[in-house]
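Welcome! Please take a look at the sequence and the structure first.

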Amino acid sequence: MTTRTVALTLNAGSSSLKFGLFDIAAGPVEMASGLVESIGGQPRLRAEFGAAAAPVTRDLTGAEAADHHGALATALDVLRAQFPEARAGVVGHRVVHGGPGFTEPVEITPSVMAELRRLSPFAPIHQPHNLAGIEAAQAAFPEAMQVACFDTAFHRSHPKVNDVFALPREYYDKGVRRYGFHGLSYDYISGELARIAPLIHDGRVIVAHLGNGASMCGMVGGRSIASTMGFTALDGLPMGTRTGQIDPGVIFYLVQQEGLSIDEVRQLFYTKSGLLGLSGLSNDMRTLEAAGTVEANEAIDYFVFRIRRELGGLAAALGGLDALVFCGGIGENSRLIRERVCEDMAWIGLELDRERNTRNDTVISTDMSRARIMVVPTNEELVIARAARRLSAAPA
Ligand code: ADP
């Protein structure tokens, strides 16, 4: 059988492993994508193969995905059964934190790995899982090139004023900076705008990545100028279970007056707050839109309010606005949220066309709207696959 060299992409979260398989000779073109979730609990696997085959959904035994190594091995079994001719020449990893130093994807050498470990305290909830995914892939494919793609890298073009906190200067030097995240998504959107709307790409654009994690990014000429996330992926917009922006004084109060430990506050802010905390019902926007309870509506109101506030702030940072782009699970699918975000925004140049919005068109503003409103589905895996292809094709 002739072999086909492919790129595998991995996005290792705390209890999940998302994977993608790409034909790199052809593009890269996606061959398969999927997810192992509830690793260490009652794991489940889902894999899709485009038009090539029916999707696979399987409940796994605890032993099949006790950790990231097991999850990867199980995912690879499913991929190999479907594509026996595929040989992974390169594995691309989503890595949440690249610190101040990593401004673009890199091959993971032992010294890069050591540096990524050193950055773990900056993202203690995410980075160790990303590294576990890398180690699992190195063990599974010792011959393959491993490539790291960073969520922070796209934002390293921030001017310094958007990179600092008003702390004594020594903390900046120690790495306490406004990094920004979701960079792979913004990178993809920037590239798509260059392809489908070059004039917009060259202008002042705000991208709202609204998923379970949510943030916004202000770009000029396709480069990040400011974003709503900061030192961690906790800042900015409220999210499924994360607070978003919060007065740090609340932390002192919770610790000193309510007797919470720092770990309890962290748990509270990351896993029990946001849409879930406010609604008391769910972190899932579909559930909240359908619920119609006072609490669910208040959670939606707060989400929309913060997006609108950040929209005004980012537009000021950009010196005006040529387009607003929605992406992420909520941005790409929720007509209601898009409509509410754009309501009475003519003052900033945004006029939504309700019919286009209902149809989920790519351009959902009216023809008269001064700034364009767009829906552009994001694809972080493709950004990783492109980087993996580029680096593995580069001469050593
Ligand atoms: P993640 O950040 O985990 O990648 P996604 O980008 O997949 O998350 O977004 C998940 C969110 O998108 C959930 O809140 C989900 O309810 C929401 N969503 C997906 N489809 C719809 C829809 N049709 N209407 C409203 N919200 C939706």
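An oxygen atom of the ligand sits 3.3 Å from a polar backbone atom of isoleucine 330, and an oxygen atom of the ligand is also 3.2 Å from a polar backbone atom of glycine 213. Bear in mind as you read that this is a predicted model.

**Around the ligand**

- A side chain takes part too: a polar side-chain atom of asparagine 333 lies 3.5 Å from a nitrogen atom of the ligand.
- On its own the ligand has 580 Å² of accessible area, and the protein covers 71% of it.
- The ligand is surrounded by 14 residues, and the closest are Asn212, Asp284, Met285, Arg286 and Gly329.
- Which helix gives the largest share of the shell around the ligand? That is α12, with four residues.
- Helices α10 (residues 285-291) and α12 (residues 328-333) each supply at least two residues of this shell.
- Sorted by class, the shell around the ligand holds eight polar, four charged and two nonpolar residues.

**Helix α2 and its two faces**

- Helix α2 spans residues 110-118, and its buried residues are Val112, Met113 and Leu116.
- The face of α2 turned away from the buried side carries exposed residues, namely Pro110, Ser111 and Arg118.
- What do the buried residues of α2 pack against? Their partners are the strands β6 (86-95), β7 (106-107) and β8 (145-150), together with helix α3 (127-140).

- Is alanine 136 buried or exposed? Alanine 136 counts as buried, because its relative accessibility is 4% and buried means under 20%.
- Leaving aside neighbours within four places in sequence, alanine 136 is in contact with His68, His69 and Leu72.
- Alanine 136 and alanine 73 are 63 residues apart in sequence, while their C-alpha atoms are 8.5 Å apart in space.

**Two buried residues in loops**

- Glutamate 85 is found in the loop between helix α1 (68-82) and strand β6.
- With a relative accessibility of 17%, glutamate 85 counts as buried.
- Which residues does glutamate 85 touch, not counting residues up to four places away in sequence? They are Met1, Thr2, Thr3 and Arg4.
- Serine 369 belongs to the loop between helix α14 (354-359) and strand β13 (372-375).
- Serine 369 is buried as well, and its relative accessible area is 11%.
- At 3.0 Å, the side chain of serine 369 reaches the backbone oxygen of glycine 349.
- Not counting residues up to four places away in sequence, serine 369 touches Gly349, Leu350 and Glu351.

**Backbone spots worth a look**

- Glycine 27 and proline 28 are joined by a cis peptide bond, with omega at about 5°.
- You can find proline 28 in the loop between strands β2 (17-23) and β3 (29-37).
- Aspartate 344 is not a glycine, yet it has a positive phi of about 50°.
- Aspartate 344 lies in the loop between helices α13 (335-342) and α14, and counts as exposed at 66% relative accessibility.
- Asparagine 360 is not a glycine either, and its phi is positive at about 65°.
- The loop between α14 and β13 holds asparagine 360, which counts as partly exposed at 30% relative accessibility.

Note on methods. Residues numbered from 1 in each chain as written. Predicted model: local features only at pLDDT ≥ 70, side-chain atom pairs only at ≥ 80, totals over all residues. Heavy atoms only, no water. Buried < 20%, exposed > 50% of the residue type's maximum accessible area, 1.4 Å probe, protein only. Contact = heavy atoms within 4.5 Å. Near = heavy atom within 4 Å. Polar contact = N/O pair within 3.5 Å; in protein donor to acceptor, adjacent residues only side chain to side chain. Areas by Shrake-Rupley, 256 points an atom, 1.4 Å probe, with all protein chains shown as cover. Nonpolar A, V, L, I, M, F, W, Y, C, P; charged D, E, K, R; others polar.
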